[in-house]
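In this notebook I record what I looked up about charged side-chain pairs and about confidence. I begin with one pair and then turn to others.

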Amino acid sequence: MELSSSFLLPPKPCSSSPPNFSFSCSLSPFPIQVFIRNFKSRNPTSQSFRIFAVALEPQRELPGNSPQRLLKELAERKKVTSPKKGPPRRFILRPPIDDNKLAERFLNSPQLSLKSFPLLSSCLPSSRLNNADKTWMDEYLLEAKQALGYSLEPSETLGDDNPAKQFDALLYLAFQHPSCERTKARHVRSGHSRLSFLGQYVIELALAEFFLQRYPRESPGPMRERVFGLIGKKSLPRWIKAASLQNLVFPYDDMDKMPRREKEGPVKSVFWALLGAIYLCFGMPEVYRVLFEVFGMDPDEEDCQPKLRRQLQDVDYVCAEFEGKLSWQDIVAYKPPADALFAHPRLFRACVPPGMHRFRGNIWDYDSRSQVMNTLGYPLEMTDRIPEITEARNIELGLGLQWASVVSSDVECLIYLQLCFMHPSKYKFEHPRFCYERLEYIGQKIQDLVMAERLLMKHLDAPGLWLQQRHRGLLMNKYCGRYLRAKHLHRVIIYDDRVQDTYEHNRRKRNPATTAVQQALHGLSYLVYGKRDVRRLMFEVFDFEQIQPKEV
């Protein structure tokens, strides 16, 4: 609104007193601004000028949900903020840490405190436990140890040569799943995820060895269903509740009233980490006790039985010790004899069928055995207490026919190495166990555990999720088969004549077959020589990590 009016100056411009102007308006609610403009006129003697008065409306407060107000605030923010958007936080490089601080950090880390137990040391927290951690341990640790059946005395009182000395710290980390409040601390979050990463492969190996000895005639398919029925994510809350550990996993919630999707993840993470901590401190026998005694797993339960399927008739006999179903107490109490040829003699007899002597002197024995021996580096140099044990082991494997003349002629050369290359299409329909399936099953589990231990000891500061992705990338099926094909061992696989061309020229069938042979070789080396030979095959012979120089 604009008002305009003309005024005349008084007739005496020489007067020293300033002119007195007055202007009144009836629009009182509006503020009035008066502008006096002295325009330059062509007639300098002109004494007239114009006054403009503008009435402004008051600025009313816009409501909070008004679009005009939101647009106005957005415009103001655009003026303040920089037009250039910075990179995401994960891509911002941090300045390198000082050498002295880095050295102090590593020297004070518990992960470098145990030289005699490198795997256990790598699973300890990256920094020392603080007061908040010790508060949780003082409140809940005794309840956890009592539920698991362990002594209530602090584990720190044990000797330095006892791995169980670190049990209290690992047990604390095992219960700090990603949904709890203490997981915001980096050393707690990373320590729990690393324990959970290790524990899942420990459980699978333990149950694989148990079911292979309990069902010596069964194929791996039904055994995998039994394992899934026991440790599937839907069954784990039942085992946690059977051990009265639900209040430690969910201290503020009732696990029975929680939705299934909200409780399965934390329970699975705690279950795996718990078995990983027990494996590191007490070994595999204690893992069996916790699974079957504390959690109350029943392998004969109806929910854990495999689906009904057509079974091939097994006409071959088994060892007398496998006639009855072995219990977990039998597995734990078994001690191999002092003069045993193999590292795991009973598991070896459960995976390798009797009667392999029928393949002695066949075409594969003469054409391919020497190539496999040279590629895999067999026979290994063993320092046994009795020299005859070394000779007998090589003969049993079929890897040392040059020693056959030393031993009496009635000793049969059992070519168990040939079993790793027997495809199921060759003899399975007549003799269900004359193929690599059972060796492949145990080989896959020991291969996963060995790779997990390697990654844990190699990457001390890596969280469990990163290790899981790295583990999966190194052990994918196509890569395992590629390592075997790089050594040209896929050419000696024994197929049936009707499918020979199909498997050699179709990669969709060839890759799973070469992967199975790779895992069967790891399984046989584990049964005969132990875990150390599996490491040798994986990281020296086949070079799973691809860090060795390539031949030009």
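Entry 1. I looked up K145 and found that it forms a salt bridge with D168, with the closest N and O atoms 3.1 Å apart. I take a salt bridge to be a side-chain nitrogen of Lys or Arg within 4 Å of a carboxyl oxygen of Asp or Glu. K145 belongs to helix 4 (residues 131-148) and D168 to helix 5 (residues 167-174), so that distant parts of the chain, 23 residues apart, are linked. Helices here are DSSP runs (H or I, at least four residues), numbered from the N terminus.

Entry 2. I noted how the model is to be read. It is a predicted model, in which local features need pLDDT of at least 70 and side-chain atom pairs count only at pLDDT 80 or more, while totals for chains, interfaces and linings use all residues. Residues are numbered from 1 along each chain as its sequence is written, and side-chain values use heavy atoms, with hydrogens and water left out.

Entry 3. Are K145 and D168 buried or exposed? K145 is buried, with a relative accessible area of 3%, and D168 counts as buried at 8%. Buried means under 20% relative accessible area, exposed over 50%, and partly exposed in between (1.4 Å probe, protein chains only).

Entry 4. I next examined R349, which forms a salt bridge with E321, the closest N and O atoms being 2.6 Å apart. R349 is in helix 13 (residues 345-351), whereas E321 is in the loop between helix 11 (284-294) and helix 12 (328-333); the two are 28 residues apart. R349 is partly exposed at 31% relative accessibility, and E321 is partly exposed at 28%.

Entry 5. I found K531 and E453 joined by a salt bridge of 3.2 Å, N to O. K531 lies in helix 24 (residues 531-541) and E453 in helix 19 (residues 437-458), so the pair ties together parts 78 residues apart in sequence. E453 is buried, at 3% relative accessible area.

Entry 6. I searched the whole structure and recorded 23 salt bridges. I also noted a network of salt bridges that links R214, D300 and K325.

Entry 7. I checked pLDDT, the predictor's confidence in each residue, from 0 to 100. The protein chain has a mean pLDDT of 82, and 82% of its residues reach 70 or more. Over residues 34-42, pLDDT stays under 50. Residues 399-414 are also below 50. Where pLDDT is low, the predicted coordinates should not be read in detail.

Definitions and conventions
Contact means heavy atoms within 4.5 Å.
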